[in-house]
Amino acid sequence: MTFFDVQKEQLKKAENLIKSDIIFTNEDFLKQDISKDFMNELIKDGVLEEVYSGIYIRADSYVDDFLVRQMILPKGIFSNETALYIHDLTDKFPYTVWMNFPVGYKLPKNVPDYLQNTVVRQVSERYLNLEIIDVPVSASKHAIRVYSKEKTLCDIVKKKNVVEQEVINKAFKRYLSSKERDVGKLIQVAKEMRAENQVRTIVEVLI
């Protein structure tokens, strides 16, 4: 196979891969036998943009900020008001992004400037892994990790000194008026979170 044949084959593989998603890792290209040199050419030609070491996005596509953040910080789980926004339980955009991490975790020193607004909350394993769900992202095979609606509501109730009461009330109203509400599950999660009394009080007022 000549050099030009190799380049042609690499181009075809790259085109198929890039059409399949909006965000990629080094591993995605390696699995397709696409060389690092060819990847660098794609970056140089404006086809790809490297947003972090080993993570690339299609230069012609909008890529969800939460997805980029998840790819760079894979151990993180979106929580609190950020999770409320992802679940459409608030209209308040989270300019400060809350994520939970294992105890001892610290943000990498070389993270991009736009990730500096990430609040790193270290959580014990008991609560860290409770009620995590994967939320799909449009045009991508990847998903973001976020706490369930029920766990998120319990979290914000326990942080009344951080989350505005108006935000809490509106989130509960929106949840309780939705077809997907599950009050039984909400109370069960509240028990596990040691927030049953606070949650019951809010639910009884709103129902």
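**Close-up views of a predicted model**

N80 has its place in helix α5, which spans residues 80–86. The structure shown in these views is a predicted model.

View 1. The phi angle of N80 is near 55 degrees, a positive value in a residue other than glycine. N80 has a relative accessibility of 1%, so the residue counts as buried. T152 sits in helix α7, made of residues 149–158. The relative accessible area of T152 is 0%, and this residue is buried too. Which residues does T152 contact, leaving aside its neighbours within four places in sequence? They are N80, A83, L84, H87 and Y147.

**View 2. I77 in strand β4.** I77 lies in strand β4, a strand that covers residues 77–78. Is I77 buried or exposed? Its relative accessibility is 1%, and because buried means under 20%, I77 counts as buried. When residues up to four places away in sequence are not counted, I77 touches W98, M99, N100, L128, I132, R145, V146 and Y147. E192 is 115 residues away from I77 along the chain, and the C-alpha atoms of the two are separated by 18 Å.

**View 3. The aromatic pair F66 and F78.** Seven aromatic pairs are found in a search of the whole structure. In the pair of F66 and F78, the ring centres are 5.4 Å apart and the planes stand at 75 degrees, so the pair is edge-to-face. This pair links distant parts of the chain, with F66 in helix α4 (residues 65–72) and F78 in strand β4, 12 residues apart. Both of these residues, F66 and F78, are buried. Which residues form one aromatic cluster with F66 and F78? The cluster also takes in Y85, F93 and Y95.

View 4. Helix α3 consists of residues 36–44, and its buried residues are F38, M39 and L42. Why do these three lie on the same side of α3? They cover an arc of only 105 degrees around the axis, which puts them there. D37 and K44, on the other side of α3, are exposed. Just after α3 comes G46, with a positive phi of about 80 degrees.

View 5. D33 belongs to the loop between α2 (26–31) and α3. Its phi is near 60 degrees, which is a positive value in a residue other than glycine. Is D33 buried or exposed? The relative accessibility of D33 is 55%, and because exposed means over 50%, D33 counts as exposed.

**View 6. The crossing of helices α8 and α10.** Two packed helices are described by the angle between their axes and the distance between the axes. Helix α8 contains residues 165–176 and helix α10 contains residues 196–206; their axes come within 10 Å and cross at roughly 65 degrees. The crossing of α8 and α10 is right-handed. On the α8 side, the contact is made by I168, N169, F172, K173 and L176. On the α10 side, V199, I202, V203 and L206 take part. How do the residues of the contact of α8 with α10 divide? Seven are nonpolar, one is polar and one is charged.

Key
Residues are numbered from 1 along each chain as its sequence is written. This is a predicted model: local features need pLDDT of at least 70, side-chain atom pairs count only at pLDDT 80 or more; totals for chains, interfaces and linings use all residues. Side-chain values use heavy atoms; hydrogens and water are left out. Axes are lines fitted to C-alpha atoms, for helices over the stretch in contact, and angles run from 0 to 180 degrees between N-to-C directions. Helices (H or I, at least four residues) and strands (E, at least two) are DSSP runs, numbered from the N terminus. A crossing is left-handed if the near helix is turned anticlockwise from the far one by less than a right angle, and right-handed if clockwise. Contact means heavy atoms within 4.5 Å. Ala, Val, Leu, Ile, Met, Phe, Trp, Tyr, Cys and Pro count as nonpolar, Asp, Glu, Lys and Arg as charged, and the others, Gly among them, as polar. Buried means under 20% relative accessible area, exposed over 50%, partly exposed in between (1.4 Å probe, protein chains only). The arc is that of the directions from the helix axis to the C-beta atoms. Rings of Phe, Tyr and Trp (its six-membered ring) pair if their centres lie within 6.5 Å; planes under 30 degrees apart count as stacked, over 60 as edge-to-face and the rest as tilted.
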